[in-house]
Amino acid sequence: MPTLGIIGSGNIGSAVARLAVAADIDVVIANSRGPQSLTDLIEELGPRATAGTVEEAARAGEATLLSVPLTAYRDLPVDLLEGRTVLSTGNYYPFRDGRIAELDSEEVTTAELEQQLLPDALLVKAFNNILAHHIPQLARPTGTPDRSALPIAGNETDAKVRAAKLIGRLGFDTVDAGTLDESWRFEPEAGAYTRAYLADPEVPAERMLEAPASPLPADKLREALRTAQRVDVAARTF
């Protein structure tokens, strides 16, 4: 995969961009503020990175990493994402997104709602269960004994295969967590969410953004997914 489009230059998008250029993958990065706002990041990433418009990132390469707030999905270029493998990293955070009735009622998962908003994209849920600063800490070459795994979920088998190949090149094994309706297993507060990657899983919430990571191999991730309990989304406040 010579080029990866990235829409969203926040913590997750930037972390994945850094892994991509380190893996000799060109990236086209876009955000809602325009290419001129990405000067510093592009300079840091080097010659494999290009700043573009959202439309340019949406049609760059063979896949698009989407790392934007849930409320921004309605503004995306739906036609340009048609038929593309789209890795969605987002979660439902009521403090940021407001209350969304169909999510609070568990009528759909966050990933299913995203698929509804991007009906013709081949959506794969990925990178939404790990803290941004843990991504570079845990990325490892293929075959490394302490390589960590990330869950992926999607309705299209071929799209998941392509996503797994890309994520493998970026430095992680993958575990197939099923279809989009099963993606709740690694949503916020569920068993396979961020604490699974903490060196100290009991660290207070206010210290998590600085807490070090510990490798999570595929077998332990599978167990975390298997034993996950569905969270009461309507009770979520963060």
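Tyr 93 is buried, since its relative accessible area is 16% (buried means under 20% relative accessible area, exposed over 50% and partly exposed in between, with a 1.4 Å probe and protein chains only). The model is predicted, so local features need pLDDT of at least 70 and side-chain atom pairs count only at pLDDT 80 or more, while totals for chains, interfaces and linings use all residues. Residues are numbered from 1 along each chain as its sequence is written, and side-chain values use heavy atoms, with hydrogens and water left out.

**Aromatic pairs**

- Rings of Phe, Tyr and Trp (its six-membered ring) pair if their centres lie within 6.5 Å, and planes under 30 degrees apart count as stacked, over 60 as edge-to-face and the rest as tilted; by this rule there are 3 aromatic pairs.
- The ring centres of Tyr 93 and Phe 95 are 6.1 Å apart and their planes stand at 40 degrees, so this pair is tilted.
- Phe 95 is exposed, with a relative accessible area of 60%, whereas Tyr 93 is buried.
- The rings of Phe 127 and Phe 172 have centres 6.3 Å apart and planes at 90 degrees, and the pair is therefore edge-to-face.
- Phe 127 lies in the loop between strand E6 (122-125) and helix H7 (134-138), and Phe 172 in the loop between helix H8 (157-170) and strand E8 (173-176), so the pair ties together parts that are 45 residues apart in sequence (helices, H or I of at least four residues, and strands, E of at least two, are DSSP runs numbered from the N terminus).
- Phe 127 is buried at a relative accessible area of 1%, and Phe 172 is buried at 0%.
- Tyr 93, Phe 95 and Phe 238 are linked by ring pairs into a cluster.

**Cavities**

- A cavity is a set of points, on a 1 Å grid over the protein atoms alone, where a 1.4 Å probe fits but cannot get out, and its lining residues have an atom within 4 Å of a point; there are 2 cavities of 30 Å³ or more.
- The largest cavity holds about 60 Å³ of space, where a volume is the space filled by probe spheres set on the points, joined across faces, edges and corners.
- The lining of the largest cavity includes Tyr 92, Leu 103, Glu 106 and Trp 184, and its residues divide into 5 nonpolar, 2 polar and 4 charged (Ala, Val, Leu, Ile, Met, Phe, Trp, Tyr, Cys and Pro count as nonpolar, Asp, Glu, Lys and Arg as charged, and the others, Gly among them, as polar).
- The second largest cavity, of about 30 Å³, is lined by Trp 184, Glu 187, Arg 230, Val 231, Val 233 and Arg 236, which gives 3 nonpolar, no polar and 3 charged residues.

Terms used
On a 1 Å grid over the protein atoms alone, a cavity is a set of points where a 1.4 Å probe fits but cannot get out, and a pocket is an open set with protein on both sides within 12 Å along at least five of seven lines; lining residues have an atom within 4 Å of a point.
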